[in-house]
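Student: I would like to go through some labels used for a protein model and ask what each one rests on. Can we start once the structure is up?

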Amino acid sequence: MSGSLRFDRAVEYYDRTRHISEEASRRQTELLAAELGGRRGLEIGVGTGLVALPLAAAGVDLVGLDLSEPMLRKLEEKANGPPFPLVLGDAIALPFGEGSFAVALVRHVLHLIPAWEQAVAELVRVVARPGSVLVSTGDIPPTWREVTARFVAATGGPFARGLDLREIARLDAAFAEHGARPRVLPPIPERVDISLGTFIEQMSEGLHSWTWDVPDERRREVAGDIRRWAEERFGTLDPSEARDVAIEWRAYDLA
């Protein structure tokens, strides 16, 4: 067993908790398609296809890999059939030969993998030179991060089983060991469509992976405390700044 976290339990609500607007999705697709430049790409942790399906619709040649079979089946359901090759597999042991792809995509994955450095090594192995690994490094509003930190501190659980993507220097260092140099792609501004109150309710319901190890009663108790704290601090559960976010991607270029 790899210890990587499967998202089988989240399949029916995953898109709701990872949703981005149509405009942001369009701009993200354009940004990533330009990086791929007509070459073949791999997305690990492809999930339900929130990144990959728009890219495929734009004519990008892709392969998708995920540890969760239900997530892959949901992707097929959304696309009315397999839209591109889908592989059930683990990011720390990719079932592809060296240099099989020109570009690899990684979104909302490395924090779920205890052996995330091994996943980085595998990504570097399957990407041909010159090529790139594109990693999404942030799309959570700062206010939500603060609320999340309070939950994690109160329950004693880690936010990330693997890499905490707030520690970008660790990610840069891991890729640097393989000769990859970081390059920051233009951020995409976004305004999320749910309030801070809804986010706290999702926390109470246990919809996010960092809440799964917390017993139901304790999870709801802590979420209730956080709701009261947020109401006192902000005077509302929908503070204006709590919806603003930047979707950020970082390219690691392999020469």
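Student: Where is Pro130 placed?

Tutor: In this predicted model, Pro130 lies in strand S5, residues 127-138.

Student: What makes the peptide bond from Arg129 to Pro130 cis?

Tutor: Its omega is near -10 degrees, and the bond is cis. Most peptide bonds are trans.

Student: What is phi of Asn80, and where is Asn80 found?

Tutor: Phi of Asn80 is near 60 degrees, a positive value in a residue other than glycine. Asn80 is in the loop between helix H4 (69-79) and strand S3 (86-88). Most residues other than glycine have a negative phi.

Student: How do you know whether His108 is buried or exposed?

Tutor: Buried means under 20% relative accessible area. His108 has 18%, therefore His108 is buried. His108 sits in the loop between strand S4 (101-106) and H5. His108 also has a positive phi, about 55 degrees, although it is not a glycine.

Student: How do you know that the span of helix H2 agrees with its number of residues?

Tutor: H2 has 15 residues, 22-36, and at 1.5 Å a residue they should span 21 Å. The end C-alpha atoms of H2 are 21 Å apart, so the two values agree.

Student: Which residues of H2 are buried?

Tutor: Ala24, Ser25, Gln28, Thr29, Leu31, Leu32, Glu35 and Leu36 are the buried residues in H2. They cover an arc of only 170 degrees around the axis, which puts them on the same side of H2. An α-helix has 3.6 residues a turn, so residues three or four places apart point the same way.

Student: What is on the face of H2 turned away from its buried side, and what follows H2?

Tutor: That face carries the exposed residues Glu22 and Ala34. H2 is followed by Gly37, with a positive phi near 55 degrees.

Student: Which residues of H6 are buried, and what do they pack against?

Tutor: Thr143, Trp144, Val147, Thr148, Phe151 and Val152 are buried in H6. The buried residues of H6 pack against H8 and helix H9 (216-234).

Student: How are helices H6 and H8 arranged?

Tutor: The axes of H6 (residues 142-155) and H8 (residues 196-205) come within 11 Å and cross at roughly 30 degrees. Angles under 35 degrees count as roughly parallel, so H6 is roughly parallel to H8. The contact involves Thr143, Trp144, Val147, Thr148 and Phe151 of H6 and Leu196, Phe199, Ile200 and Met203 of H8.

Student: What is the angle between H5 and H7, and what is that arrangement called?

Tutor: H5 (residues 116-126) and H7 (residues 168-176) pack at about 45 degrees, with axes 10 Å apart. An angle under 35 degrees would count as roughly parallel, and 65 to 115 as roughly perpendicular. The crossing of H5 and H7 is right-handed.

Notes
Residues are numbered from 1 along each chain as its sequence is written. This is a predicted model: local features need pLDDT of at least 70, side-chain atom pairs count only at pLDDT 80 or more; totals for chains, interfaces and linings use all residues. Side-chain values use heavy atoms; hydrogens and water are left out. Helices (H or I, at least four residues) and strands (E, at least two) are DSSP runs, numbered from the N terminus. The expected span of a helix is 1.5 Å times one less than its number of residues. Buried means under 20% relative accessible area, exposed over 50%, partly exposed in between (1.4 Å probe, protein chains only). The arc is that of the directions from the helix axis to the C-beta atoms. Axes are lines fitted to C-alpha atoms, for helices over the stretch in contact, and angles run from 0 to 180 degrees between N-to-C directions. Angles under 35 degrees count as roughly parallel, over 145 as roughly antiparallel, 65 to 115 as roughly perpendicular and the rest as oblique. Contact means heavy atoms within 4.5 Å. A crossing is left-handed if the near helix is turned anticlockwise from the far one by less than a right angle, and right-handed if clockwise.
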